[in-house]
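Biologist: I would like to learn how to read a sheet and the helices around it. Can we go through one model step by step?

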There are 2 protein chains.
Amino acid sequence: MLAEIITIGDEILIGQVVDTNSAFIAKQLNKIGVSVYQITSVQDDKEHILKSLREAEENASIIILTGGLGPTKDDITKNTLAEYFDDTLLRNEAVTQNIKRLWADFVNNIPTQVNLDQALVPSKAQVLMNLHGSAPGMWIEKDGKVFISLPGVPYEMRGLIDDVVIPKLRKQFKFPYIQHDTLLTYGLGESALAERIEAWEDQLPHYIKLAYLPSLGRVRLRLSGKSMDKQMIQNEIKHQIALVLPLIEDVFVGFERDESIEAVIGKQLTAMGKTVATAESCTGGKIAELFTANAGASRYFKGSVVSYATQAKIDVLGVDAQLIEEFSVVSAQVAEAMATAAIKLFDSDFAIATTGNAGPEKGDADTEVGKVFLAIATRDKVFSEQFTFGNHRLKVIDRAVNKAFEMLQKEILKK
Amino acid sequence: MLAEIITIGDEILIGQVVDTNSAFIAKQLNKIGVSVYQITSVQDDKEHILKSLREAEENASIIILTGGLGPTKDDITKNTLAEYFDDTLLRNEAVTQNIKRLWADFVNNIPTQVNLDQALVPSKAQVLMNLHGSAPGMWIEKDGKVFISLPGVPYEMRGLIDDVVIPKLRKQFKFPYIQHDTLLTYGLGESALAERIEAWEDQLPHYIKLAYLPSLGRVRLRLSGKSMDKQMIQNEIKHQIALVLPLIEDVFVGFERDESIEAVIGKQLTAMGKTVATAESCTGGKIAELFTANAGASRYFKGSVVSYATQAKIDVLGVDAQLIEEFSVVSAQVAEAMATAAIKLFDSDFAIATTGNAGPEKGDADTEVGKVFLAIATRDKVFSEQFTFGNHRLKVIDRAVNKAFEMLQKEILKK
């Protein structure tokens with residue numbers, strides 16, 4: 001069972017907006033055993049949308065469209081669908097009521113005619129009620145294939161996918177079982193890793209695929225299996241992982257979960273009843289931001305001092321000015337002093353500190369670009385490591401953040 | 001002149017990775033007058049890639065592929081290109097030298113055979129040297145059309161697009177002039193806005209397109225024009241903006257620049273020789289992180305206290321515990337006290353403070369989810385505003401961050 005995703009909107013094709021919807025939809029489809037054959041982004045243009053629908057119908061059984069459902073003249077998806085299915089638009093009473101409710105609750109006004117016209121849907125479509133916005137989702141069946149049209153606003157689309165589309169697909173079809181397992185490795189390049197596991201890779205059965213996903217300092221190995229026989233896939237992937245692990249044990253650091261590392265750390269800290277704080281220089285608050293992006297962060301995240309200016313390290317964190325003078329602001333000593341200060345200031349159990357130069361220019365410390373010190377403190381000890389993270393500013397920041405989470409997690413796991 | 005972008009890689013189709021490359025490429029192409037007809041994401045599958053190449057060749061004159069150039073078995077783009085162009089792979093000496101240099105500089109090892117084999121390129125391809133990685137870019141011409149294959153690693157791809165592909169395209173082709181102007185409006189829904197400017201929209205000439213881009217609390221109106229006659233497009237867009245502005249003056253807040261608002265603020269502060277600091281609760285360091293993502297942030301950004309826990313507001317920022325007791329931690333009084341504290345702690349000219357409940361649960365203050373207070377302080381005054389930003393955690397954070405930047409910018413512009 002294959003799916004195709006079509007995103008509609010000039011804003012994607014001029015690069016004004018990054019298409020995050022497709023990745024979300026693809027992930028949710030994958031979880032229920034639906035493979036995505038292709039993702040296509042097209043303009044707000046009737047002929048182009050019609051062409052994409054024809055092509056998608058050839059390749060896939062489930063076609064999901066997003067975008068082009070707004071109330072304005074550039075939103076043409078609904079009329080195009082009506083044309084594609086040789087259909088007309090009818091006013092839907094439930095959608096009309098939903099629009100009136102939304103306007104009463106959030107707009108404090110009565111909806112205008114263009115708002116109310118969002119309740120016009122192709123007569124062949126089942127309405128998928130959008131509780132978060134005025135544009136309804138639509139579900140149209142033709143020759144055993146399903147066409148699903150969703151609004152492009154991400155949280156409206158997500159609500160419909162999770163609450164309506166996925167349950168409805170599962171009810172209607174029998175899907176194969178898909179499993180992805182991703183092994184995280186650090187410290188070995190993609191090609192060196194490939195050479196090392198070549199013999200293992202060659203003996204993989206045809207229904208297990210291997211992919212290498214290299215990124216900043218790490219290579220993820222993803223094993224994917226798909227079959228109607230769930231037990232067989234589970235056993236085979238387990239077996240293959242058992243075979244490969246001894247080959248990579250020096251660089252293997254764990255399995256990638258659907259969750260981010262900071263979410264995993266958050267859960268570990270919550271379970272332990274422990275807390276964390278950060279003192280960030282070169283990472284500029286990104287570690288704090290990632291912690292707090294998770295619901296429930298207040299249970300384990302105390303806070304952060306982003307001491308970007310050198311003087312702030314002295315005034316706010318209370319790092320000794322002489323220490324900075326002697327060792328430079330980008331040094332193991334200062335990183336450790338920052339981490340220790342964070343523990344004290346925030347009364348936390350763990351602290352992360354970062355100091356370095358993300359570039360592109362040499363900063364206060366005249367340190368080479370890409371040089372970063374990361375420190376981890378607990379209530380009774382502190383340690384740090386030095387890294388060189390290249391000369392691309394955002395890359396340096398991201399690598400520092402990733403590495404800091406990794407160091408903290410290792411420390412937490414020791415407890 | 002139309003372009004098509006093809007991204008190759010299963011990781012996109014299973015939703016493991018969001019395709020940010022396409023938006024970047026589309027934006028850079030647009031700037032030089034090339035419209036992107038379609039963006040297509042396909043699997044690491046030879047037949048599928050060949051099919052996409054055939055379709056793209058029908059629609060577009062410039063076809064840009066990313067991904068599938070790594071050294072491992074799942075990377076099949078190069079062999080597929082050789083098949084498509086009825087070509088063979090030849091070893092390129094310059095790429096071999098580049099790989100040896102990269103390994104000497106960064107890997108401290110000699111490259112293995114799979115690494116060296118990345119220097120194999122189709123004989124009909126011109127090599128686009130990738131200074132940041134071992135996979136070369138490739139440029140292949142056929143019947144006046146150009147096929148460009150680039151690595152999928154974002155910073156490698158970006159370097160090649162900016163430094164090699166765009167200059168080479170401009171040298172080889174004469175492109176039309178494309179201009180996009182985006183007007184930011186706040187406080188009026190998409191449909192109400194559309195009704196208000198309907199008569200104006202109807203009289204737009206056919207070569208000027210209008211798009212509505214609604215998002216959290218704002219609607220962006222994008223005018224796009226394209227022609228070989230640059231002067232005509234510039235004049236016409238200017239004329240149309242002059243016509244529409246009087247219709248929306250109560251909700252118009254400015255033009256969207258290619259730069260983010262925090263980058264614009266950074267430039268304004270640098271020009272004024274002024275500085276900013278932040279005291280963040282519900283935004284968790286995101287404002288600090290966005291400031292510091294910009295190169296040169298050390299000139300104007302002093303630092304931040306992320307006082308996530310209530311106790312941190314007292315201990316680190318020095319907010320009066322009684323104030324919190326009396327007015328609650330989510331209050332105008334506490335937001336203003338935080339902003340004033342940030343000015344003092346960091347010795348900055350401006351400060352932003354945020355306190356609120358991003359949800360999904362009621363936190364320390366038992367405040368309703370979505371309620372946020374934002375404060376702006378200068379050295380001699382402080383003020384705050386209250387907002388209700390809905391019940392979606394990341395949306396609340398984003399809206400608070402956007403609004404805080406907007407408040408700060410207004411204050412800066414008064415100086």
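Modeller: Start with a term. A residue is buried under 20% relative accessible area, exposed over 50% and partly exposed in between, with a 1.4 Å probe and protein chains only. This is a predicted model: local features need pLDDT of at least 70, side-chain atom pairs count only at pLDDT 80 or more, and totals for chains, interfaces and linings use all residues. Residues are numbered from 1 along each chain as its sequence is written, chains are lettered from A and ligands numbered from 1 in the order written, and side-chain values use heavy atoms, without hydrogens and water.

Biologist: How many residues of β16(A) are buried?

Modeller: 7 of its 8 residues are buried, so β16(A) is mostly covered. The name comes from DSSP: strands are E runs of at least two residues, helices are H or I runs of at least four, and both are numbered from the N terminus.

Biologist: What holds strands of a sheet together?

Modeller: Strands of a sheet pair through backbone hydrogen bonds, either parallel or antiparallel. Two strands pair if DSSP finds at least two bridges between them. Here, β15(A) and β16(A) run antiparallel, joined by 7 bridges. Ile352(A) has Ile376(A) in β16(A) as its bridge partner. β16(A) also pairs with β17(A), again by 7 bridges in the antiparallel sense. Lys371(A) is the bridge partner of Thr388(A) in β17(A). With 3 residues between them, β16(A) and β17(A) form a hairpin.

Biologist: Which strands are at the edge of the sheet?

Modeller: Look at the order: β17(A)-β16(A)-β15(A)-β13(A)-β14(A)-β14(B)-β13(B)-β15(B)-β16(B)-β17(B). These 10 strands form an open sheet with mixed pairing. The edge strands are β17 of chain A and β17 of chain B, each pairing on one side only.

Biologist: How many bridges join β14 of chain A to β14 of chain B?

Modeller: 3 bridges join them, and the two strands run antiparallel. Val305(A) stands opposite Val305(B). α16(A) packs on the sheet, touching β13, β15, β16 and β17 of chain A. Contact means heavy atoms within 4.5 Å.

Biologist: How is α11(A) placed against α16(A)?

Modeller: Axes are lines fitted to C-alpha atoms, for helices over the stretch in contact, and angles run from 0 to 180 degrees between N-to-C directions. Under 35 degrees counts as roughly parallel, over 145 as roughly antiparallel, 65 to 115 as roughly perpendicular and the rest as oblique. α11(A) and α16(A) pack at about 30°, with axes 10 Å apart. The two helices are therefore roughly parallel.
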